[in-house]
Amino acid sequence: SHLQMDKDTFLATAKSNGYSDLDCELLAKAVETAVQLLSAKKRLIGDTFFDHNLRVALLLIENKADPEVVAAGVLHGVIQNLPPAEIESRFGKEVASLLREVDTLKELKIRNDKVGAEALRKILLTTVQDVRVIVIKLANKIDNLQTLGVFPPAEQKRIATEVLEVYAPLAYRLGLEKIRVKLEDTAFKILNSRKYEEIQNFLDESREQREKNIEEAIKLIVRIAGKEVPIIFL
């Protein structure tokens with residue numbers, strides 16, 4: 001089935017990214033539970049919460065997150081359907097704690113909806129007990145940005161602006177460079193698609209020339225290095 005194929009691809013990706021057999025066992029168990037509890041729940045864009053969670057978890061794998069963090073990415077949202085004690089007995093204390101904090105983050109955001117960007121960043125950073133929960137939040141933001149098409153343009157721009165002001169700086173603060181770049185690029189594309197296309201086209205057009213320059217530089221270095229280095233440079 002489609003879900004089974006998704007699961008297999010997901011686990012194969014985890015394995016090829018260096019996650020151990022034990023890690024993959026935990027992830028397989030998480031996927032099974034997510035299939036049961038989230039594959040029937042539709043999102044506005046037409047996919048399911050299971051699809052969304054798997055994409056979030058793939059982003060976490062790409063960024064070498066701990067296996068417990070990836071498992072929490074797969075499972076976020078199941079806390080409404082599964083008692084905390086059962087989550088803990090199935091997946092351990094660490095995953096259960098991360099899932100609780102994902103929920104806490106959501107409540108924090110709703111309660112502090114009117115505060116400024118800098119204040120919100122401080123609240124999020126100082127309130128969470130495990131900073132890795134913010135990485136799950138950021139991966140969530142990336143996937144949500146990439147599936148904003150169902151919202152009116154004004155709402156898309158509001159969400160993209162919030163990402164640039166709150167979440168990309170958080171990624172920078174935590175040293176998550178790949179996530180920061182992805183957040184900024186995707187948000188910028190929503191806020192100024194024409195400028196984004198211009199920059200993209202410029203980079204595509206100039207790539208050929210840059211590659212030629214690099215080739216020439218390599219040839220030059222090989223030629224110089226192949227000769228005896230003059231005494232003045234030693």
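## Contacts and the nonpolar core

Two residues are in contact when heavy atoms of each lie within 4.5 Å. By this rule Leu 60 touches Tyr 19, Ala 65, Val 69, Val 70, Gly 73, Val 135, Ile 136 and Ala 139, leaving aside its neighbours within four places in sequence. The model is a predicted one, in which local features need pLDDT of at least 70 and side-chain atom pairs count only at pLDDT 80 or more, while totals for chains, interfaces and linings use all residues. Residues are numbered from 1 along each chain as its sequence is written, and side-chain values use heavy atoms, with hydrogens and water left out.

Leu 60 also belongs to the largest nonpolar core, which has 63 residues. A nonpolar core is a set of buried Ala, Val, Leu, Ile, Met, Phe, Trp, Tyr and Cys residues joined through side-chain atoms within 4.5 Å. Buried means under 20% relative accessible area, exposed means over 50%, and partly exposed lies in between (1.4 Å probe, protein chains only). The residues with the most contacts inside this core are Phe 10, Leu 60, Val 70, Leu 145 and Leu 183. In soluble globular proteins, nonpolar side chains tend to be buried together.

## Helix 8

Helices are DSSP runs (H or I, at least four residues), numbered from the N terminus. Helix 8 covers residues 132–146, and 13 of its 15 residues are buried. The expected span of a helix is 1.5 Å times one less than its number of residues.

Lys 141 is in helix 8 and counts as buried because its relative accessibility is 14%. Not counting residues up to four places away in sequence, Lys 141 touches Glu 162, Val 163, Tyr 167 and Leu 183. Lys 182, in helix 10 (residues 177–191), is in contact with Ile 142 and Gln 146, again leaving aside neighbours within four places in sequence. Lys 182 has a relative accessible area of 37%, so this residue is partly exposed. The C-alpha atoms of Lys 182 and Val 95 are 26 Å apart, and the two residues are separated by 87 residues along the chain.

## Salt bridges

A salt bridge is a side-chain nitrogen of Lys or Arg within 4 Å of a carboxyl oxygen of Asp or Glu. The structure holds 20 salt bridges. Arg 55 takes part in one with Asp 47 (2.8 Å, N to O) and in one with Asp 143 (2.7 Å, N to O). Arg 55 is partly exposed at 29% relative accessibility, whereas Asp 47 is buried at 12% and Asp 143 is buried at 2%.

Arg 132 and Glu 94 form a further salt bridge, with their closest N and O atoms 2.9 Å apart. This pair also links distant parts of the chain: Arg 132 is in helix 8 and Glu 94 is in helix 6 (residues 93–111), 38 residues apart. Arg 132 counts as buried at 19% relative accessibility, and Glu 94 counts as partly exposed at 37%. Lys 109, Asp 113, Lys 114, Lys 141 and Glu 162 are linked in a network of salt bridges.

## Asn 53 in helix 3

Asn 53 is in helix 3 and is buried, with a relative accessible area of 1%. Asn 53 and Gly 73 are 20 residues apart in sequence, and their C-alpha atoms are 6.1 Å apart in space. Not counting residues up to four places away in sequence, Asn 53 touches Leu 38, Gly 73, Val 74, Leu 75 and His 76.

## Two exposed loop residues

Lys 64 is in the loop between helix 3 and helix 4 (67–75) and counts as exposed at 52% relative accessibility. Its phi is near 55 degrees, a positive value in a residue other than glycine. Most residues other than glycine have a negative phi.

Leu 44 is in the loop between helix 2 (21–38) and helix 3 (49–62). Leu 44 counts as exposed because its relative accessibility is 68%. Together with Ile 45 and Val 150, Leu 44 forms a nonpolar patch on the surface, with about 280 Å² of accessible area for the three together. Patches are made of residues with over 30% relative accessible area and no salt bridge; like charges are joined within 9 Å, and nonpolar side chains (Val, Leu, Ile, Met, Phe, Trp, Tyr) within 5 Å. Accessible areas come from the Shrake-Rupley method with a 1.4 Å probe, and for residues only the protein chains shown count as cover.
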